[in-house]
Amino acid sequence: MPAQRTAVLLLSALACSVVAHAQTSTTSGALRGTVKSKAKGVVASASLTLRNLETGLTRTTTTNANGEYHFAFLPVGTYELTVAAPGLRTAKDASLRVGLGQTALQNFSLDAVEASAVVTVVADATALDAAQINTQSSISQELVDAIPVNGRNFTDLVQLTPGAAVGNTSYYTTVEGARGIQNNLQIDGGSYNSKFNGEQRGGTRIPFTFGQDSIKELQVITNSFDAQFGDAVGAVINAVTKTGTNEVQGTAFMLFRPNSLTAKVKPVPYDANGVNTDEARTRTYQTLQMGFNLGGPILKDKLHYFVNVEMARKREDSIPLFGDGSAASNAFFAPGTGMGALLVTMPGRTLADESHRAWTDEQKNLVFMGRLDWDINQDHRATLRMNSQNYQGLNDIYAGVRHNDTAESGNSTMKFTSLSTVLELSSTLSPSLLNEARVQLSNEKRPTTPNSTVSSPVRIQKVGSVYDINAGQYYIDPRTTDETTTQIQDNLTFMTGDWVLKGGVDLQFIDMKNRYLPNGNGSWVFPTYALAQSWFTGAPAASLSGVTYTQGYSPVDGVSSFSEKFMAGYVQAQNGALLNKRLLVSLGLRYTTEIWSGNPSPNPKLQGLDRAPNDKSMDPRFGFTLDLFGNAKTIIRGGYGWFSVSNPGQTTSGAIMNNGINLVSYYMTASANPALFDPTGLLSASQRWSGPLTGPGSLTRIPTSTLLTDPNLKVDTIVPTIIDPEAKMTQARATSLGVEQDLGNGFTVGIRGTYKKFNNLQYAVNINLGQMAPGTSTVDPTAIYNDGYPSTWNRFSTGARPGRAIVRGRALDLSGFGDVILSKYDGEGRYRSVVLEAGRKPGSGWGFKSSLTFAKAEDNNSNERATLTSTNALTENPADPLSSWALSDNDHAFRATLAWFAPTFFGIRLSGITTYTTGRPWNGIYYADQNGDGKYIDTVNGRNSHRQPSEKTFDLRLSRPFRVTRALSLEGTIDVYNVFNWANQYTRQTQYTLSSGSVNPYFGAIDSPDNRSREVQFTLKARF
């Protein structure tokens, strides 16, 4: 008989048993199972040796009295497991895969000893995880490496998760009805979020913050019934980076996309701005990416390194197309006399010069990641990871989106840098006590510089709901945000019998500094070319209706400095002994508090509401997993829990600055302030043109000294923003129930239902309006805001402001203010979905991951974060703010995804991604203010009663490896993005009526092209 032979290990119901204490963490997986003798049942005290095939990490354990074993906190990778027991044949599994956040199951049934034979197990461990209580989607390294990821940004893979989608008008991925800023991105267990912006560090518009080749595995948790995860009501996106191995290995790649193979943009049905011209549809596009990584041993089996460097450069031209060929447009651009021909917007360049003059959106990104892994001994393992990111975006206000309505002068350059360092120590303190400690230090800077300061910002010619021209200095720049974070985490796990008890803390200390002075150089709006030319030629204010001027002022130069302490802790108990160890039940409780620093320059009139209040939450969690037949083939998984997410610092900065002292916005209209706009007034062309009106000149701001002293500049144009003193963190209360079935050969299917109720959603309401008496058009002088207006009558006046309000018992003196915007936190939302999933593990060279999601998302307001006086946060009816219940902006009624890679054929591998998504809802808006609150947000037929067209994608990859030498191979790849050149166009014609009061004949017309036309990418990768 040979010394070693191969056999197939059969998994049966008699051989399976849930081991509740096989524990994972945010950066690891686990392995569990049972050892039995075919003759005598369970085998106690069997010896098991586990060895990582890549790093040599070795762990040993023995089975308990029930024949059960477990290995906790295992790094993601492939392992060899050897089982030995006296009198029984030794068994070995040489291909055990441990995934992130997953507990692999492998059971052994041993024969009586025959000489020294070793049975090598060749069957895969079960495809389902019977110890997992979370609703999650795992994306393996094999899938990450195989499928075409446009731009190589690994976070885009989140969109393969059921319930996740990003719209063609948004940068953010929304998950299960939550807002895009309510996800939590973790890299190697540490937070990788900007607390100021409520998004990933570095922002969502940049190409990537980690190179794709540095990510080993990705886990997306949509309902974490494990209390260890928090600070999200959407998804926890958890990723681990690659490690070095015992072999020196590396890759290098270069990719490019030739402009000659880039398809033209499809024409739109309604062309208001000349976007259907051949000039506009022809893309001048270049992409180049290069990367290099290297990993290996410093001390074999003990100390390993891995480094990854990746850069990307993307260039695409936009061509401004100004003018509509009308007589008014021709007069505006007439040489020598037209305002557009004389308005200098950049040094040596007029607005007319900028038309048809291409500008380049150039994105340059460089990232570095370095990692050390030290297996100190059997019980302790340390990891150190550093990551830096350096991004520069020239003309990058609208990153990755071509704009025909924006001049180069109206753009800016962004420079984003970040550096994070994470140190982790995983320790086995005793056979029943495990600890995971982590420290992170990070900083991030986001300065943005305008292309030109020659002229004040100017917008001209409103076509429907968009402007034909955006030029002059970009209105909110220059600005910058600095953020520094210290994070300390510790998780302790105690195991006894069938019980697992764990608890931990997550402490984050964030210092933020923001410079934001919108309209500091003034800002002009001219609704039509005719009005702009009339103003320029000295027409009286009476004929300039709709012309406006805004200017910001700050005695602190728009700078706010503040801090946040985010502190969370949790406890959890888990038992796996119920129903003959087929039912695992978990109960947990998570506590979160956020503590904000105060306003260094508060306005006493606002009674302390010009700062963010502190808040805390207590979130209970319950989860269960039922192995229905005891064979890990049919799993019922579900739970109920509360989830909270911290508020973004951007809202806090808005309240600190925009309190009527630190930041003041002066807003004047020709209709309300005629003396200022008359031919000799302060805001006439004769005063605000930098030179003689017969020659070139630029639009200039009002001098600060005049702004602060001129009696004609009314103080009632000052608009403060305040925060409800009982503001809460957004909370979701979610339940999920699903069934998963292992069909064998790696195939799995599942169905799941989810219900989420959102509380404490943020929105804004104007509390300094004169409300009319119910059923009349007469202002009630006694009607003031007192945690709500006296009636729900939606008729107001900005000309008879009460000048006072009461918020949570605090009497506010609002005299001298115009609108006063209160940020409220009692909005609600709801999400319901049914998900069908099917997939195949990539065990034999091919696999797929697919899902169908049927969902409905509703809320009162869908803004991401309210800052200053952003109208998207304002409620349509200030007297009944919660009456705007409708479909959420983030509603996707149906979404289908398929990611796949086929078996190789003559060495060629084919893979792809296909998605289909119903469009997002949108509002039809009246041109005129319907309720007298001074805001142009009144909807037609209610909020979100219209829907954008659906979106679909199909990306394809062909790859072929070539062996050059034993140590070197090359792989050529062709990626085709948007294979069929589908045009996911949408409408910006959301204005229902025109200035004349007539219905906009192009309301809802599809006028916005999809600039993501077909692109072909060539990649050459070397592996050594």
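1. A word on the ground rules. Local features need pLDDT of at least 70 in this predicted model, side-chain atom pairs count only at pLDDT 80 or more, and totals for chains, interfaces and linings use all residues. Residues are numbered from 1 along each chain as its sequence is written, and side-chain values use heavy atoms, with hydrogens and water left out.

2. Let's start inside. The largest nonpolar core has 56 residues, and Met 339, Trp 535, Phe 677 and Ile 767 touch the most other members. A nonpolar core here is a set of buried Ala, Val, Leu, Ile, Met, Phe, Trp, Tyr and Cys residues joined through side-chain atoms within 4.5 Å. Buried means under 20% relative accessible area, exposed over 50%, and partly exposed in between (1.4 Å probe, protein chains only). Among the elements that each supply at least two residues are α4 (339-342), β35 (523-526) and α9 (674-677), while α6 gives the most, with five. Helices (H or I, at least four residues) and strands (E, at least two) are DSSP runs, numbered from the N terminus.

3. Take a closer look at Met 339. Leaving aside residues up to four places away in sequence, Met 339 touches Phe 332, Phe 526, Ala 532, Gln 533, Trp 535, Phe 536, Trp 689 and Leu 699; contact means heavy atoms within 4.5 Å.

4. Now the charged pairs: the structure holds 52 salt bridges, each a side-chain nitrogen of Lys or Arg within 4 Å of a carboxyl oxygen of Asp or Glu. In one of them, Glu 408 pairs with Arg 349, with the closest N and O atoms 3.0 Å apart. Glu 408 sits in the loop between β27 (380-394) and β28 (412-430) and Arg 349 in strand β25 (residues 349-350), so the pair ties together parts 59 residues apart in sequence. Glu 408 and Arg 349 are buried.

5. Arg 381 and Asp 373 form another salt bridge, with the closest N and O atoms 3.1 Å apart, and both residues are buried. They also belong to a salt-bridge network that links Asp 188, Arg 371, Asp 373, Asp 375, Arg 381 and Arg 385.

6. Finally, a sheet. Five strands run in the order β12-β19-β20-β15-β16 as an open sheet with mixed pairing; two strands pair if DSSP finds at least two bridges between them. β12 (135-139) and β16 (190-191) are the edge strands, each pairing on one side only. β12 pairs with β19 (residues 215-223) in the antiparallel sense over five bridges, and Ile 139 stands opposite Leu 218 in β19.
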